[in-house]
Amino acid sequence: MSGLMNLFGSGQSGDNANFQYDPFKQKKAAQQRPAQQSSFQQTGIAFQSQIQLFHYDAATKENQSYGVATLSMQKTAAGDGFQLLAYKEKENPYINFLIQSSLSWTLRNKIYAYLKDPNGVQWTMTFHDPEIAARASITFGSIISPITDNTVSTFDITPGTGDLAKTNDDVVVSYMGFSGNNLPQTGGKFDSNDNFKFTIGSTKIIKGYSIGVDQMKVGGCRVVLIPPDFGYGSQSIPGKIPPNATLAFFITLNSVTSNSSPETPQQQQEDTTNQQQVPSLSSQPAKPPTTANQPQDHQNDQNQEEN
C-alpha cells in the first residue's frame, strides 16, 4: 500500500503504469518515453518524445501524415525562452516557433494534442500514452503560466462544457501528479487516480488542489502547479514526495454535485496536512485522429467518445 493510500484509505489509488496501448505498432514503448529527466540542466530540453505528426489541410479537410517525428520543447539558444520543435531531422524541422501565450494547445481523448501555430496552421500530435501527453501538457502549461509569487498556477488544456465546479461542491476527478521541482520539466509521477472524489475546500485535501479544481467545468482538463506552501509543505512521503516539493498535476473534471452542507470557516481553517491522490489511466484507447477534428468542435469530441 502506497503512502498516499495509507493517508486516504485503500481503494482510492490505482497507478496503471502498465498501460499497453501502442498506436505506432512498430515502435517499442521504451522508444516513446520522454528524455531522461536528469538531462534538463545540461541540454535545456524540458520535454522530448516521439509522436505521430499530422498537418490539417483546411482546403481538403484532411490530415496529412508526416509519420513518426520527435517533439521537443527546449530552451532557445539565447536562453531567453522556450521553443517547440517537431522534426525527423533536427536541421529541417516541420514545426519551429517560440512557445508563447498566443499559441493554442488542446488535448483530446487523452493522447491527441491539437496545436495551432502563430500562422494559424493546425497540427495534430498523437502521443504513445496518456502519461506522455500529460507530461507534454504540463511542460507547455508551465512555460505559458509558471508559478509566480508563490501562488497556485493553472493552465486549461481542454475547456470543459459541463457544470461549473465551485467551493463546497463534491467533485469526481481523474488526475496524474508529478514532481514539479524542476519545471518546466516534469519529474517522477508519484501517484494517479481515475476516480477521486472530494469536496472543494475540504481540509482533507491540500489547499492548492482545491484551488486548482475550483472554477473548472465538467469535461475540462487542466494543468495545476502547486508551490510547497499550498501543498505538503515540509512534510514528505518517503519514496513519493520530498519535503518542500512543488507539485504538478494534470486533472480532468468528471462530475460535479452541489453540496448543500458546506463546511464552516472554522472547519476550513483547521490543519490541511492530509493529502490527496492521483488518477490511474484508462485502459480504453482513443480512436486515431480523423480529418475533420478541429479543437473548437466539442460536439465531434463527444461523438468520438460515444463510438
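Tutor: Accessible areas here come from the Shrake-Rupley method with a 1.4 Å probe, and for residues only the protein chains shown count as cover. By that method the protein chain exposes about 14100 Å², with carbon and sulfur atoms supplying 45% of it. This is a predicted model, where local features need pLDDT of at least 70, side-chain atom pairs count only at pLDDT 80 or more, and totals for chains, interfaces and linings use all residues. Residues are numbered from 1 along each chain as its sequence is written, and side-chain values use heavy atoms, leaving out hydrogens and water.

Student: What makes arginine 222 count as buried?

Tutor: Buried means under 20% relative accessible area, exposed over 50%, and partly exposed in between (1.4 Å probe, protein chains only). Arginine 222 has 7% relative accessibility, so it counts as buried.

Student: And why is aspartate 156 called partly exposed?

Tutor: Its relative accessibility is 41%, so aspartate 156 counts as partly exposed.

Student: How do you know that arginine 222 and aspartate 156 meet in a salt bridge?

Tutor: The term asks for a side-chain nitrogen of Lys or Arg within 4 Å of a carboxyl oxygen of Asp or Glu. For arginine 222 and aspartate 156 the N to O distance is 2.7 Å, and the pair is a salt bridge. It links distant parts of the chain, with arginine 222 in strand E11 and aspartate 156 in strand E8 (residues 153–158), 66 residues apart. Helices (H or I, at least four residues) and strands (E, at least two) are DSSP runs, numbered from the N terminus.

Student: What makes Glu131, Arg135 and Lys189 a network?

Tutor: Salt bridges link the three. Glutamate 131 meets arginine 135 at 3.2 Å, N to O, and glutamate 131 also pairs with lysine 189, where the closest N and O atoms are 3.3 Å apart. Lysine 189 lies in strand E10 (residues 189–199), 58 residues from glutamate 131 in helix H4.

Student: Why are arginine 135 and glutamate 131 separated by about one helical turn?

Tutor: Because they are 4 residues apart in helix H4 (residues 130–144). Both arginine 135 and glutamate 131 are buried, and lysine 189 is buried too.

Student: How do you know where to be careful with the model?

Tutor: Look at pLDDT, the predictor's confidence in each residue, from 0 to 100. It stays under 50 over residues 1–37 and over residues 262–307. Where pLDDT is low, the predicted coordinates should not be read in detail. Among the elements, strand E11 (residues 221–226) has the highest mean pLDDT, 98.

Conventions:
Contact = heavy atoms within 4.5 Å.
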